[in-house]
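Me: I'm new to this one. Can you put it up and walk me through it?

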Amino acid sequence: MADSSFSSFDVVVIGAGPVGLACAIEVQRRGLTACVVDKGALVNSLIGYPTNMEFFSTPELLEIGGYPMTTLHYKPLREDALDYYRRVAFAEQLTLRLYERVTGLEGEVGRYEVVTEKGRLGARYVIVATGFYDVPNYLNVPGEELPHVTHYYKEPYAHADQDVVVVGAKNSSAKAALQLLRAGARPILVVRGAQISDSVKYWIRPDLLNRIKEARIGALFNTTVERITPTTVEVRTPEGLRSLPAQHVYALTGYHPDFRFLTVLGISCQGDAAQTPTHDADTLETNRPGLYLAGTVCGGLNTSRWFIENGRYHAQVIAARLAGEATPALPAVQQPIAY
Ligand SMILES: Cc1cc2nc3c(=O)[nH]c(=O)nc-3n(C[C@H](O)[C@H](O)[C@H](O)COP(=O)(O)OP(=O)(O)OC[C@H]3O[C@@H](n4cnc5c(N)ncnc54)[C@H](O)[C@@H]3O)c2cc1C
């Protein structure tokens, strides 16, 4: 059926995260038209991050389009970044279609049709910058679907005088446990491995280890969750089964790209352990000609391979290629960070 709202662009970018926005800016600067479509808000993933979260990167490493990011702090807060990316998107007068999920892709290079839940968009080329933050790594245990179990942590204030189990041992879990303690909760960390991850930032790890040593934060290592009930978390420790009281459970065990969506787009998987979506490492073009990947999604399960600091360069590579310019080399891989 004909869609009366049909618009056509040189490039449609799927995902209005930092990298998707950078792609649209670089493409527009080369004289091509672009539209950014997101199933949620502008920089939807960052909106989901914890309130007042401090980025690990200093501001200049998160900048896109050459706009300076300012902050009163040494490292920007989530709110600084939200404000920044919105200002940049508006300054560049990007064409945005927000709260419009992409559900499919028809056609071929030069005449693609991006199918959304609200209609269709024409595109000569399509860039997929859908990140990794929409699909949690589930524990897959009974009770995980209970309403007091969440995979996204926002802030600690609702948990004063409450027992809270935090599953995971990386930065997100470490920061959540520390904040929960300081907001009057009784946090217990459940850690599958033998220790708090080495990838926890050097300024967070000693704080957490000292609180565990003081027994103000409980920690069970080599321990897995067996089952969650409305009032407890049943865990298997090296000493046997234990029942932990819990009015709330944060399962902060990471996230991964939406592989089903990538399959719907016709992007295959390289077949490696990280399930890397097939793409040329130099051009970022996928197995479907004219369909490109950018940002965190490029790493598959290796979600710390590409982040804002290095993923933003994907925009220049793809835009240069689409404009027929020499493709710049990507910067060397930086120190991976885990969240
Ligand atoms: C707590 C935390 C702290 C972090 N700190 C840092 C840091 O200090 N420095 C750093 O460099 N990186 C950091 N990162 C990583 C960084 O935020 C991500 O790597 C970054 O957001 C990736 O940008 P992106 O544009 O690739 O994807 P995202 O920002 O995830 O954007 C993807 C967008 O795609 C949209 N989308 C998904 N599916 C669809 C669909 N079907 N249709 C339409 N839209 C869709 C989503 O709604 C989302 O808005 C941090 C991550 C976390 C979780």
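Me: Let's start with a loop. Where is Val43 found?
Reply: Val43 is found in the loop between strand S2 (34-37) and H2. Helices (H or I, at least four residues) and strands (E, at least two) are DSSP runs, numbered from the N terminus. This is a predicted model: local features need pLDDT of at least 70, side-chain atom pairs count only at pLDDT 80 or more, and totals for chains, interfaces and linings use all residues. Residues are numbered from 1 along each chain as its sequence is written.

Me: Is Val43 buried or exposed?
Reply: Val43 is buried, because 23 other C-beta atoms lie within 10 Å. The cut-offs: buried means 20 or more other C-beta atoms within 10 Å of the residue's own, exposed means 12 or fewer, and partly exposed is in between, with C-beta atoms placed from the backbone.

Me: Which loop holds Asn222?
Reply: Asn222 sits in the loop between strand S11 (218-220) and strand S12 (224-228). Asn222 has a positive phi of about 50° and is not a glycine. Asn222 counts as partly exposed, because it has 13 C-beta neighbours inside 10 Å.

Me: On to the core. How many residues does the largest nonpolar core have?
Reply: The largest nonpolar core has 65 residues. Such a core is a set of buried Ala, Val, Leu, Ile, Met, Phe, Trp, Tyr and Cys residues joined through C-beta atoms within 7 Å. Cys23 and Val126 are among those with the most contacts inside it.

Me: Which helix gives the most to this core?
Reply: Helix H1 (residues 18-29) does, with 7 residues.

Me: What is Cys23 in contact with?
Reply: Leaving aside neighbours within four places in sequence, Cys23 is in contact with Val13, Ile127, Ala129, Ala294, Ala315, Ile318 and Ala319. Contact means that the C-beta atoms, placed from the backbone, lie within 7 Å.

Me: How do H1 and H8 cross?
Reply: The axes of H1 and helix H8 (residues 313-322) come within 8 Å and cross at roughly 35°. Axes are lines fitted to C-alpha atoms, for helices over the stretch in contact, and angles run from 0 to 180 degrees between N-to-C directions. On the H1 side the contact includes Val19 and Cys23, and on the H8 side Ala315 and Ile318.

Me: Which residues of H8 are buried?
Reply: His314, Ala315, Val317, Ile318, Ala319 and Leu322 are buried in H8. What covers them includes strand S1 (7-14), H1, strand S6 (120-128), S17 and H7. Just after H8, Gly324 takes a positive phi of about 75°.

Me: New topic, the ligand. How many residues surround it?
Reply: 35 residues surround the ligand, and the closest are Gly15, Gly17, Asn44, Gly131 and Gly295. A residue counts here if its C-beta atom, placed from the backbone, lies within 6 Å of the molecule. H1, helix H2 (44-47) and helix H7 (308-311) are the elements that give two or more residues to this shell.

Me: Last one. Where is Val249 found?
Reply: Val249 is found in strand S15 (residues 248-251). Val249 is buried, because 25 other C-beta atoms lie within 10 Å. Val249 and Leu146 are 103 residues apart in sequence and 9.5 Å apart in space, C-alpha to C-alpha.

Conventions
Two residues are in contact if their C-beta atoms, placed from the backbone, lie within 7 Å.
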